[in-house]
Amino acid sequence: CALPISDAAFTAKSLTQTAGTGKTWFKSTITTKGAADSSGGNVNITTNGDIEIAGKIDATGGIASSPGQDGGDVTLSGAAVTVDEIDTSGSDATGSDNGGNAGKIQITSTADTTLNGNLTAKGGAGSGTGSQGTGNTISVHSGTDGTGNVGFGAGVTLDAPTITLRAGDGTGGAATTAAVDFVTNTPHIGTSNTSFTIQQDAAIGAAADPLTHAQSDGGVAAID
């Protein structure tokens with residue numbers, strides 16, 4: 001059965017849900033953003049059914065009076081997964097201190113994963129002699145049973161030091177067609193990225209070049 005978890009905005013210190021086979025459905029935002037001088041809370045949803053989140057997941061660190069605060073982790077695992085914006089960034093420091101560290105973003109699905117909003121896992125800015133916080137990873141893996149693609153809505157930017165996009169169950173798996181579509185709707189890689197990986201069961205041909213100059217915003221070097 002379908003489980004519409006929340007029609008309205010949902011706010012908590014953290015969120016953990018383990019479901020059976022029903023659909024997990026948030027029709028609005030999920031906010032675990034830290035309070036003042038507090039870290040953001042983790043969001044962990046695990047189900048054998050679909051996950052659909054129509055609003056932003058905000059797990060960023062709270063506003064800081066000195067050192068920046070860390071963002072929380074966001075971990076989603078289901079059948080087909082559809083999400084909007086996710087932000088796990090650390091908050092900026094004030095005074096003379098270090099920015100907060102980002103939490104990770106990890107999305108795993110046995111079927112398709114569709115990303116309809118920006119995914120961001122950046123460290124917060126340092127202040128004075130302080131350093132910028134450490135960014136984290138964005139990891140998306142669709143089709144873990146062999147069939148299921150990674151797709152993007154319009155205008156999506158992924159921004160984290162390390163980004164890994166994977167489709168399928170690998171060599172010797174159940175199928176050979178799972179793919180990461182990093183061409184349709186022209187998704188972008190943000191400026192903090194230094195490592196970008198696509199792994200898929202289907203062949204990657206020149207017509208589906210996953211990263212062009214137009215899609216790199218100045219982080220990882222573009223592929224010609």
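1. A nonpolar core here means a set of buried Ala, Val, Leu, Ile, Met, Phe, Trp, Tyr and Cys residues joined through side-chain atoms within 4.5 Å. Keep in mind that this is a predicted model. Its largest nonpolar core has 36 residues, and Leu-76, Ile-107, Leu-158 and Leu-165 touch the most other members. Strand S18 (residues 162-167) gives the most to this core, with 3 residues.

2. Have a look at Ile-107. Beyond its neighbours within four places in sequence, Ile-107 is in contact with a list of residues including Leu-76, Val-81, Val-83, Ile-86 and Leu-115. Thr-113, Ser-139 and His-141 are also among its contacts.

3. Now the charged pairs: the whole structure has 3 salt bridges. In one of them, Glu-52 pairs with Lys-23, with the closest N and O atoms 2.6 Å apart. Glu-52 sits in strand S7 and Lys-23 in strand S4, so the pair ties together parts 29 residues apart in sequence. Glu-52 is partly exposed at 26% relative accessible area, and Lys-23 is partly exposed at 24%.

4. Glu-85 forms a salt bridge with Lys-56, at 3.8 Å between the closest N and O atoms. Both residues lie in loops, Glu-85 between S10 and S11 and Lys-56 between S7 and S8.

5. Asp-159 bridges to Lys-122, with 3.7 Å between the closest N and O atoms. This pair links strand S17 to the loop between S14 and S15, 37 residues apart. Asp-159 is buried, because its relative accessible area is 9% and the cut-off is under 20%. Lys-122, at 28%, counts as partly exposed.

Conventions: Residues numbered from 1 in each chain as written. Predicted model: local features only at pLDDT ≥ 70, side-chain atom pairs only at ≥ 80, totals over all residues. Heavy atoms only, no water. Buried < 20%, exposed > 50% of the residue type's maximum accessible area, 1.4 Å probe, protein only. Helix = DSSP H or I, 4+ residues; strand = E, 2+ residues; numbered from the N terminus. Contact = heavy atoms within 4.5 Å. Salt bridge = Lys/Arg side-chain N within 4 Å of Asp/Glu carboxyl O.
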